[in-house]
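Me: I have a structure to look at and would like to learn how to read its features one by one. Could you guide me through it?

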Amino acid sequence: MSSSFVIACVGKPSAGKSSFLNAVTDATAKVGNFPFTTIEPNQGIGYYPLDCPCVKHGVTSKCKPRHGWCTNGRRFVPVRMLDVAGLVPGASEGRGLGNKFLDDLRHADVLIHV
């Protein structure tokens, strides 16, 4: 199941980004109460539910979405989510994961601050 829409969770170290990712997606990211538990971005797929447009237009027999699926008049659209390492003070000078952190975020369409 592919998704071209990407949401990234950002925030300070140990803020709950990995816990949030695990709660809203199929991910099983490692969770720890210490900085830099996440080094490489964790990924998961979550599903955004909305009313299926096929129901509104009366063509449910032809309902075959390219992404996700429909059940009982509800469409579930896949959304890829990323959990990146926490941002520490001085990252712009190379502290923490610095530029790697920014490169990981470059792939996201939306940022959620946790």
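Me: Which residues do ring pairs link into a cluster?

Reply: In this predicted model, ring pairs join Tyr47, Trp69 and Phe76 into a cluster. The structure holds two aromatic pairs, and one of them, formed by Trp69 and Phe76, is stacked, with 5.2 Å centre to centre and 20° between the planes.

Me: Is Trp69 buried, partly exposed or exposed?

Reply: Trp69 is partly exposed, because its relative accessible area is 34%, and buried would require a value under 20%. Phe76, at 23% relative accessibility, also counts as partly exposed.

Me: How should I read the buried residues of a helix, and which are they in helix H1?

Reply: An α-helix has 3.6 residues a turn, so residues three or four places apart point the same way. In H1, which covers residues 17–24, the buried residues are Lys17, Ser18 and Leu21. Seen down the axis of H1, these buried residues fall within an arc of 95°, so they line one face of the helix. They pack against strand S1 (6–10), strand S2 (42–51) and strand S4 (74–83).

Me: What makes up the largest nonpolar core?

Reply: In soluble globular proteins, nonpolar side chains tend to be buried together. Here the largest nonpolar core has eight residues: Val6, Ala8, Val10, Leu82, Val84, Phe101, Leu105 and Ala108. Strand S1 and helix H3 (98–105) each supply at least two residues of this core, and S1 gives the most, with three. A second, separate core of seven residues includes Ile7, Leu21, Val79 and Met81.

Notes:
Residues numbered from 1 in each chain as written. Predicted model: local features only at pLDDT ≥ 70, side-chain atom pairs only at ≥ 80, totals over all residues. Heavy atoms only, no water. Phe/Tyr/Trp six-rings, centres within 6.5 Å; stacked < 30°, edge-to-face > 60°. Buried < 20%, exposed > 50% of the residue type's maximum accessible area, 1.4 Å probe, protein only. Helix = DSSP H or I, 4+ residues; strand = E, 2+ residues; numbered from the N terminus. Arc of directions from axis to C-beta. Contact = heavy atoms within 4.5 Å. Core = buried A, V, L, I, M, F, W, Y, C linked by side-chain atoms within 4.5 Å.
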